[in-house]
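Subject: Structure handover

Hello,

Here is the structure you asked to look at. Please open it first, then read my notes below.

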Amino acid sequence: MKLRADGYYVNRHSCYLLQYHLVLVTKYRKPVITGNLEKALKGYTLQYFKDRDIPVHAMETMPDHIHILFDAPPQMNLAEFINAFKSASSRQMRKRHGDQVSKYYWEPYFWSLSYFIGTVSDRTKQAVEAYIRNQKQ
């Protein structure tokens, strides 16, 4: 995605600024996102989004959920992207931190099937960024 000086993205046929606040919750809201798994999940998330050219503005975890504020192009199918990320991150966390995950899940679970996604405007972006950054306080 190409960012113009005025803060809008452009591609061949459009000029846009689409920002989203995503919240993913662990299955049964189990407090599994802690310690080394938390660090690994944050790193994996940033790399996953970067590999797909999706800018992340803010991200923070709590033991049972993660908040991500990101930009997306208009042609992106959000439901497919989110479900692919949930599947990939779940596999990676179970692979890398299976001992920690297995304390809470006896089957191949990690994320709840549901999630929250909301649009963010220029006016609310700073408020959402501050909210996400202050999760642990």
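Helices (H or I, at least four residues) and strands (E, at least two) are DSSP runs, numbered from the N terminus. This is a predicted model, where local features need pLDDT of at least 70 and side-chain atom pairs count only at pLDDT 80 or more, while totals for chains, interfaces and linings use all residues. Residues are numbered from 1 along each chain as its sequence is written, and side-chain values use heavy atoms, with hydrogens and water left out.

**Ala72**

Start with Ala72. This residue sits in the loop between E6 and H2. Is Ala72 buried or exposed? Ala72 counts as buried because its relative accessibility is 1%. The cut-offs are these: buried means under 20% relative accessible area, exposed means over 50%, and partly exposed is in between (1.4 Å probe, protein chains only).

Next, contacts, which means heavy atoms within 4.5 Å. Setting aside neighbours within four places in sequence, Ala72 is in contact with Met1, Tyr16, Leu18 and Tyr20. Ala72 and Arg52 are 20 residues apart along the chain, and their C-alpha atoms are separated by 9.9 Å.

His67 belongs to strand E6 (residues 65–71). His67 has a relative accessible area of 3%, so this residue is buried. Its side chain makes polar contacts. A polar contact is a pair of N or O atoms within 3.5 Å; within protein, one must be able to donate a hydrogen and the other to accept it, and residues adjacent in sequence count only if both atoms are side-chain atoms. Another runs from the side chain of His67 to that of His65, at 3.3 Å. Beyond neighbours within four places in sequence, His67 is in contact with residues including Leu22, Val23, Met59 and Tyr131.

Now look at Met59, in strand E5 (residues 56–62). Met59 is buried, because its relative accessible area is 15%. Met59 and Thr45 are 14 residues apart in sequence, and 9.0 Å apart in space, C-alpha to C-alpha. Leaving aside neighbours within four places in sequence, Met59 is in contact with Lys42, Thr45, Leu46, Ile66, His67, Ile68 and Ile132.

**Aromatic rings**

A pair of aromatic rings is described by the distance of the centres and the angle of the planes. Rings of Phe, Tyr and Trp (its six-membered ring) pair if their centres lie within 6.5 Å; planes under 30 degrees apart count as stacked, over 60 as edge-to-face and the rest as tilted. How many aromatic pairs does a search of the whole structure find? The search finds 13. One of them is Phe49 with Phe81, which is edge-to-face: 5.1 Å centre to centre, with 90° between the planes. The pair links distant parts of the chain, since Phe49 is in helix H1 (residues 35–51) and Phe81 is in helix H2, 32 residues apart. Both Phe49 and Phe81 are buried. Tyr20, Tyr44, Tyr48, Phe49, Phe70, Phe81 and Phe85 form one aromatic cluster.

**The largest pocket**

Rolling a probe the size of a water molecule over the atoms shows where empty space is left. On a 1 Å grid over the protein atoms alone, a pocket is an open set of points where a 1.4 Å probe fits, with protein on both sides within 12 Å along at least five of seven lines; lining residues have an atom within 4 Å of a point. Grid points are joined across faces, edges and corners, and a volume is the space filled by probe spheres set on the points.

The largest pocket holds about 180 Å³ of space. Its lining includes Lys27, Asn83, Lys86, Trp111 and Ser112. Helix H2 (78–96) and strand E7 (111–120) each supply at least two lining residues. Which element gives the largest share of the lining? H2 does, with four residues.

Ser112, in strand E7, is buried because its relative accessibility is 16%. A polar contact of 3.1 Å joins the side chains of Ser112 and Ser114. Not counting residues up to four places away in sequence, Ser112 touches Val25, Thr26, Lys27 and Lys86.

**Two loop residues**

Arg29 lies in the loop between strand E4 (19–26) and H1. Its phi is near 55°, a positive value in a residue other than glycine. Asp53 lies in the loop between H1 and E5, and its phi is near 60°, also positive in a residue other than glycine.

Best wishes
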